[in-house]
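Visitor: I'm new here and would like to learn how to read a structure like this one. Could you walk me through a few features?

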Amino acid sequence: LAAYVDEFPVETIFLCVVDPGVGGDRTLGVLRSDRRWYVGPDNGLFEPVARRGRDQARWWEITWRPENLSATFHGRDLLAPVAARLACGEPPAGIERPIASIRRPDWPDELHQVIYIDGFGNAMTGIRAAAIPPGARLEVAGRRLDHATTFSEVPFGRAFWYENANGLAEIAVNRGRADDVLGLAAGIAVKIAKV
Amino acid sequence: LAAYVDEFPVETIFLCVVDPGVGGDRTLGVLRSDRRWYVGPDNGLFEPVARRGRDQARWWEITWRPENLSATFHGRDLLAPVAARLACGEPPAGIERPIASIRRPDWPDELHQVIYIDGFGNAMTGIRAAAIPPGARLEVAGRRLDHATTFSEVPFGRAFWYENANGLAEIAVNRGRADDVLGLAAGIAVKIAKV
Amino acid sequence: LAAYVDEFPVETIFLCVVDPGVGGDRTLGVLRSDRRWYVGPDNGLFEPVARRGRDQARWWEITWRPENLSATFHGRDLLAPVAARLACGEPPAGIERPIASIRRPDWPDELHQVIYIDGFGNAMTGIRAAAIPPGARLEVAGRRLDHATTFSEVPFGRAFWYENANGLAEIAVNRGRADDVLGLAAGIAVKIAKV
């Protein structure tokens with residue numbers, strides 16, 4: 001999420017439904033950061049946004065409840081209407097709480113893991129490319145991968161890492177599937193090798 | 001289809017292209033039920049809609065034909081233009097037939113099968129949760145599954161069933177894939193265990 | 001691409017991001033053919049469009065560059081803004097070059113391969129059905145497949161080929177997955193059997 005938001009205009013409203021704890025005791029809320037709105041659960045999803053924001057983020061706990069609330073789809077029944085009201089110019093449907101109440105100061109700045117496999121088998125990591133020393137290699141699944149700027153720089157079938165279009169380090173194989181070639185899946189550790 | 005329609009406003013037009021018999025001798029038509037429109041094949045798709053409707057449904061057989069009709073994509077070439085004309089306020093492009101001509105009175109109210117595996121591996125059944133006695137367990141693939149209200153109620157990795165956000169019984173594993181864990185696929189039988 | 005374009009109105013703008021050479025030395029440009037616009041890389045993607053066009057196609061090499069250009073997503077950073085400017089009525093953001101500079105006259109008219117497996121397991125080929133003699137069978141993966149007009153003409157589980165809704169020969173199994181049943185994947189050879 002944090003890797004994408006800077007491309008969006010101010011006053012964008014992000015409806016963020018990554019909510020495996022739906023129906024449990026997590027809080028739902030509205031975040032205001034760098035003049036953009038975020039609606040979603042307080043489960044850490046907003047920590048990188050708040051941390052990287054240039055202003056001081058604010059947080060409202062959603063207290064409004066819809067007439068019909070399903071047990072397992074609060075994105076549809078509760079968060080979407082709250083986002084829609086923001087889009088209509090209404091204030092957040094809740095009570096402001098200290099932003100510190102949702103922060104995770106002990107979390108690392110980068111997540112040294114594969115976080116997503118896309119439809120082409122490329123493996124996105126949680127490491128911003130800017131946090132990797134120039135020339136450094138990445139270690140994943142027992143392999144050391146060199147950096148390349150583009151796919152077309154490397155021979156067909158070779159694995160490498162590159163800065164993807166959102167600024168994150170991503171592992172790929174030119175004209176191949178990195179997940180198959182390297183045996184990758186979300187959650188696998190990625191290490192920055194000593195230069 | 002029937003599980004979703006009540007959430008939509010009246011005068012909604014549903015373009016329903018589930019048409020494995022395309023090009024065969026099935027009839028295409030327009031259903032009117034509870035002030036909503038449905039355009040699609042007469043292959044049983046509309047039976048639960050007509051059965052659960054609060055008013056008496058009506059049916060028009062589509063007689064209009066486009067200039068160019070492909071053999072295998074009537075959804076694009078024939079049904080979509082008919083739906084578009086309805087959206088423009090025109091009447092159904094066909095001849096009204098008795099609604100009894102498309103009804104399937106011998107069909108059961110619930111389908112005791114897995115009907116769909118979603119992208120997360122959850123297995124939706126054709127059984128409305130309201131038709132299952134409180135506390136009952138579901139039997140599927142040799143396993144008996146307890147009910148839970150939400151994912152977060154059960155430990156990681158445990159299989160359970162719950163009422164999904166459309167009112168259907170659905171089989172899931174908290175933070176796991178029910179299809180992999182239980183060996184599920186569309187068509188597998190699901191039984192309501194005696195309480 | 002060429003199989004679809006005739007269905008679109010004149011002045012349609014196609015944003016064509018099939019760009020495995022992104023960041024390499026391929027040229028990006030704008031094609032004008034049959035009063036439609038195409039924005040994308042010069043990697044052969046536009047050859048069938050230009051070849052089948054009824055008028056003489058024209059080509060502009062894109063010389064405009066955005067302020068921020070990622071290394072691996074020129075579709076987003078460069079081609080999309082160029083297409084947006086065309087949509088606003090501006091001329092192509094580049095310099096006109098001879099159309100011959102992007103043509104591939106030695107390429108065949110049909111590609112005798114599986115080119116795409118869709119979500120149902122159907123295998124689209126690069127052969128236009130109109131280029132296959134009536135009654136001819138297709139050979140693929142060691143099997144000879146008869147022609148059928150629709151799925152419903154053949155028994156459940158039988159493989160066949162048909163003219164799909166875009167005019168291409170496509171290999172399918174009625175109520176089954178052709179990719180699984182026949183062992184198909186993109187790139188596999190497809191031959192027109194002697195009648």
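Visitor: How many cavities of 30 Å³ or more does a search of the whole structure find?

Guide: Here's the general idea: rolling a probe the size of a water molecule over the atoms shows where empty space is left. In this case the search turns up 1 cavity of 30 Å³ or more. A cavity here is a set of points, on a 1 Å grid over the protein atoms alone, where a 1.4 Å probe fits but cannot get out, and lining residues have an atom within 4 Å of a point. Grid points are joined across faces, edges and corners, and the volume is the space filled by probe spheres set on the points.

Before we go on, some ground rules: this is a predicted model, where local features need pLDDT of at least 70 and side-chain atom pairs count only at pLDDT 80 or more, while totals for chains, interfaces and linings use all residues. Residues are numbered from 1 along each chain as its sequence is written, chains are lettered from A and ligands numbered from 1 in the order in which they are written, and side-chain values use heavy atoms, leaving out hydrogens and water.

Visitor: Which residues line the largest cavity?

Guide: Look at chain B: the lining includes Pro41(B), Phe46(B), Ile102(B) and Arg104(B). The space inside comes to about 30 Å³. By type, the lining has 4 nonpolar, 2 polar and 3 charged residues (Ala, Val, Leu, Ile, Met, Phe, Trp, Tyr, Cys and Pro count as nonpolar, Asp, Glu, Lys and Arg as charged, and the others, Gly among them, as polar).

Visitor: What about salt bridges: how many are there over all chains?

Guide: Side chains of opposite charge can pair when their charged atoms come close. The whole structure has 51 salt bridges, each a side-chain nitrogen of Lys or Arg within 4 Å of a carboxyl oxygen of Asp or Glu. Take Asp6(A) and Arg54(A), whose closest N and O atoms are 3.6 Å apart. Asp6(A) sits in the segment before β1 and Arg54(A) in the loop between α1 and β4, so the pair ties together parts 48 residues apart in sequence. (Helices, H or I of at least four residues, and strands, E of at least two, are DSSP runs numbered from the N terminus.)

Visitor: Is Arg54(A) buried or exposed?

Guide: Arg54(A) counts as exposed because its relative accessibility is 63%, while Asp6(A), at 48%, is partly exposed. The cut-offs are under 20% relative accessible area for buried, over 50% for exposed and partly exposed in between, using a 1.4 Å probe and protein chains only.

Glu11(A) is partly exposed at 38%, whereas Arg32(A) is buried at 18%.

Notes:
On a 1 Å grid over the protein atoms alone, a cavity is a set of points where a 1.4 Å probe fits but cannot get out, and a pocket is an open set with protein on both sides within 12 Å along at least five of seven lines; lining residues have an atom within 4 Å of a point.
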